[in-house]
Amino acid sequence: AYNKKTGDIAYIRPINKVFQLCSISINDPKLREKRLTSCAGDKLDPSWSPRDRHIAFTYDFKNNKGKRIPQIAILAISSGRIRVITSDNYPKSFPTWTNPPFG
């Protein structure tokens, strides 16, 4: 997922057999990777928020009943905190942001 304002690309890659969110800036001459997450559960389908402060993604992890049901989560870039925003028994995937109607 490309962020036009910052030149960052958010993507996933496996680290110790778990897909983690990472980013790279096309403005960095050395193209250094920045790891954005490091917790359990696969993170997939990243999408930048319109104001560059969050990334929405599919979060595939075991819930408190031991089931793996993909849910939608948001990563706050400044704090690194993840907030799972859906929590029922139906799998979800491919979140995407739209531009806010009032800027």
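1. Aromatic pairs. The whole structure, a predicted model, holds two aromatic pairs. Rings of Phe, Tyr and Trp (its six-membered ring) pair if their centres lie within 6.5 Å; planes under 30 degrees apart count as stacked, over 60 as edge-to-face and the rest as tilted. Tyr59 and Phe61 make a tilted pair, 4.5 Å centre to centre with 40° between the planes. Phe57, Tyr59 and Phe61 belong to one aromatic cluster.

2. Exposure of the pair. Tyr59 counts as buried because its relative accessibility is 9%. Phe61 is partly exposed, at 23%. Buried means under 20% relative accessible area, exposed over 50%, and partly exposed in between (1.4 Å probe, protein chains only).

3. Ser49. This residue sits in the loop between β5 (42–48) and β6 (54–60). Strands here are DSSP runs of E, at least two residues, numbered from the N terminus. Ser49 is buried, with 7% relative accessibility. Leaving out residues up to four places away in sequence, Ser49 touches His54 and Trp97; contact means heavy atoms within 4.5 Å.

4. β1 and β2. Strands β1 (residues 2–3) and β2 (residues 8–15) run antiparallel, joined by two bridges. Two strands pair if DSSP finds at least two bridges between them. Tyr2 stands opposite Ile9. Four residues lie between the strands of this hairpin, and Gly7 has a positive phi near 80°.

5. β2 and β3. Eight bridges link β2 to the antiparallel strand β3 (residues 18–25). Asp8 has Ser25 as its bridge partner. This hairpin has two residues between the strands, and Asn16 takes a positive phi near 55°.

6. Basis. Local features need pLDDT of at least 70, side-chain atom pairs count only at pLDDT 80 or more, and totals for chains, interfaces and linings use all residues. Residues are numbered from 1 along each chain as its sequence is written, and side-chain values use heavy atoms, leaving out hydrogens and water.
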